[in-house]
Amino acid sequence: MMLADSFIVMLAIWLAYSIRFNAIYEPNYPQLTMILAGPVIAIPLFYGFGLYRSLIRYVGEHAIWSAFKAVGLTALLWGLLAFMIRAYGAEGVPRSVLVMFWLLTLIMVISSRFVARWFLLRHTDSPRPQRHIIIYGAGEAARQIAASLKSDNPRLSILHVVDDPNLHGSLMGGDAVYPASDVPDLIKRYDIKDAIVTLRTASNTKRVDVVEALRKLGVKVRILPAFADIADGKHAVNMIREVEIGDLLGREIVTPDKRLMEANTTGKVVMVTGGGGTIGSELCRQAASLGAAKLVLMETSEFALYQIKEELELQAGAEIVPVLGSVNDGLLVRRVIREHKVQTVFHAAAYKHVPLVQANCFEGVRNNALGTLSIASAVYDTDAEALVLISTDKAVCSTSVMGASKRIAELIVQDFAVRARQLKPEKTFCAVRFGNVLGSSGSVVPLFRRQIRSGGPITITDPDVTRYFMSIAEAAQLVIQASSLARPENMELEDRGRIFILDMGQPVRIMDLAIKLIELSNLTLCDDANPEGDIAIKAIGLRPGEKLHEVLLESVEPPHQTKHPKISVAVEPPPENLDLEQLYRELDLAITDQDQDKLMDLLAQATGQGKPVEPLQD
């Protein structure tokens, strides 16, 4: 390329003179010296600006800008040289020659790169049949992805599909732009197997509709996440991923409120119980990313604690303190809070699997209810500022031991909120209630995926069963924001201790979830309509304590909306004539005595519901 550029520079000077004098230019000796000086000036500058570091195959906008700067400086220095030798009696260089030299050199240098690129791509790649792919979208992400894909495979044909009628029939980076109505015909005509959806600014509902429409046409769909920010420097093509089940739920994500996210985390010492669990570990990640001064992780599982500790130490600037122990160890909890000057406690430690807690009722209530009592007492008695309980929709109208134990945990937090309201108004006690999170350890989604990998069948409890779902990250962000809404400066004194409810959207039919997972695996449902399908779905019946449908609110009074559109406050006071101090003592005694009948009576009394389904007997 250096030899080619040397020739280009000399040719540009000769052409500039020829155009200026409107005749074939025949230089004399001094003028010939000036022509030969051109490459001497240009080549070091071209090298310095990186024109020989860029791979010809990937030449693009950056190379053009580098050439613009290098050629401009070359023309400037060459003109300066001509001015200097004029002082010694040599013939000067006309200004028009200088301008034409710059313009001709720039055109030829840039053109030479693209001609070389075309030649290399055409003659060095092994011949392959042309392949077509649809990119749905017309933004910067779509343009960048198309350019990257074509640089890797020059025989790839990109078909852009957009909804904007003003763009139909136009070209984007040399690729045709089509309306969405042409997609079925395009897929059939070009035998298209793949599509990429880049609708970063569209609503989740729109994105779901597009993905579903493409999948029904037999195309493998990949997606660019809505939160991808190419301006941050991460190349869009690296963000493309397979469509996940969460992309098909149609939930509209609200951008987190920065002020609410930071109030209880940034610069604070944050403690997370159950820090190795699904929600607990995500709370740890979020707190670390928000600039927590120190993260104290309490966990009973040694392996889970090790995993999250190693992960956080790689990504976080905060000090990480792993604590192996149970929330039921009141002395340990108090010592840790005092020793590390903990300010915010997110209490996520709980047993959440309904059938397992049903079969192990004593330990379930000890951990979920009395463990919350231990944490709440420690926060109340120390200098900690806030306790945030992670609750569940199963605490509403509970029919299971797990749900009843979590409802008692809510009552405990409300009880301490009342105490703090009277004696320690600077403290915050609140509970945040929401439904299932996708991909958690006890979620149906990992179970269904394992069953699909093993060839099926997928087992569901009932064809009509529904559940609420949201992503793990969204749930953690809303929990953090709800905890800030509960702070004294954001909530009236008489409203403290209320239960925050997260907007879970519409409940999802588990049967539909299973079918979508089968389709995402590029398999077909085996049923009466398609007996030759790949994966069958089998209903096994509701297990003890499980409900057909979950609800998020028990009170007849509608929830109060907060300043956050996805967070409301429930008005659910404890049952009348319930002595909570006596309840705590009797629960502890029933567990110590292993008195199952007494325990079931206490759960019914505390929740105001009938007795939970009796645990299975050996």
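Reader: Which residues form a nonpolar patch on the surface?
Author: This is a predicted model, to start with. The patch is formed by Leu 73, Leu 76, Leu 77, Leu 80, Phe 83 and Met 84, and together they have about 590 Å² of accessible area.
Reader: Where does Met 84 lie?
Author: Met 84 is in helix α3, which covers residues 61–86. With a relative accessibility of 48%, Met 84 counts as partly exposed.
Reader: OK, now the inside. How many residues are in the largest nonpolar core?
Author: That core has 101 residues. Phe 429, Phe 434 and Phe 500 are the ones with the most contacts inside it. There's also a second, separate core of 28 residues, and Ala 12, Ile 35, Phe 46 and Leu 51 are among them.
Reader: Switching to charges. How many salt bridges does a search of the whole structure find?
Author: The search finds 23 salt bridges. One of them joins the side chains of Glu 410 and Arg 433, at 2.8 Å from N to O.
Reader: What does Asp 512 form a salt bridge with?
Author: With Arg 509, and the closest N and O atoms are 2.9 Å apart. Asp 512 is partly exposed, its relative accessible area being 34%. For Arg 509 the value is 31%, which also makes it partly exposed.
Reader: Which residues are linked in a network of salt bridges?
Author: Glu 212, Arg 215, Lys 516 and Glu 519 are linked that way.
Reader: Let's do strands. What order does the open sheet of three strands have?
Author: The order is β15-β21-β20, and the pairing is parallel. The edge strands are β15 (458–460) and β20 (525–526), each pairing on one side only.
Reader: How many bridges join β15 to β21?
Author: Three bridges join them, with the strands running parallel, and β21 covers residues 535–539. Ile 460 has Ala 539 as its bridge partner in β21, while Ile 458 is partnered by Ile 537.
Reader: And how many bridges join β20 to β21?
Author: Two, and those strands run parallel as well. Over there, Cys 526 has Ala 536 in β21 as its bridge partner.
Reader: What about β5, which of its residues are buried?
Author: Strand β5 (residues 194–197) is covered on both faces. Asp 194 and Ile 196 are buried on one side, and Ala 195 and Val 197 are buried on the other.
Reader: Which strand does β5 pair with over three bridges?
Author: That's β1, residues 131–136, and the two pair in the parallel sense. Tyr 136 is the residue opposite Val 197 in β5. Strand β5 is also joined to β6 (residues 220–223), through four bridges and again in parallel. On that side, Asp 194 stands opposite Lys 220 in β6.
Reader: Last one, a helix. How many residues does α16 have, and what's its reach?
Author: Helix α16 (residues 472–485) has 14 residues and reaches 20 Å from its first C-alpha to its last. That is close to the 20 Å expected at 1.5 Å a residue.
Reader: How many of the residues of α16 are buried?
Author: The count is 13 of the 14, so α16 is largely enclosed by the rest of the structure.

Note on methods:
Residues numbered from 1 in each chain as written. Predicted model: local features only at pLDDT ≥ 70, side-chain atom pairs only at ≥ 80, totals over all residues. Heavy atoms only, no water. Core = buried A, V, L, I, M, F, W, Y, C linked by side-chain atoms within 4.5 Å. Buried < 20%, exposed > 50% of the residue type's maximum accessible area, 1.4 Å probe, protein only. Salt bridge = Lys/Arg side-chain N within 4 Å of Asp/Glu carboxyl O. Patch = residues over 30% accessible without salt bridge, like charges linked within 9 Å, V, L, I, M, F, W, Y side chains within 5 Å. Areas by Shrake-Rupley, 256 points an atom, 1.4 Å probe, with all protein chains shown as cover. Pairing = 2+ DSSP bridges. Expected span 1.5 Å × (residues − 1).
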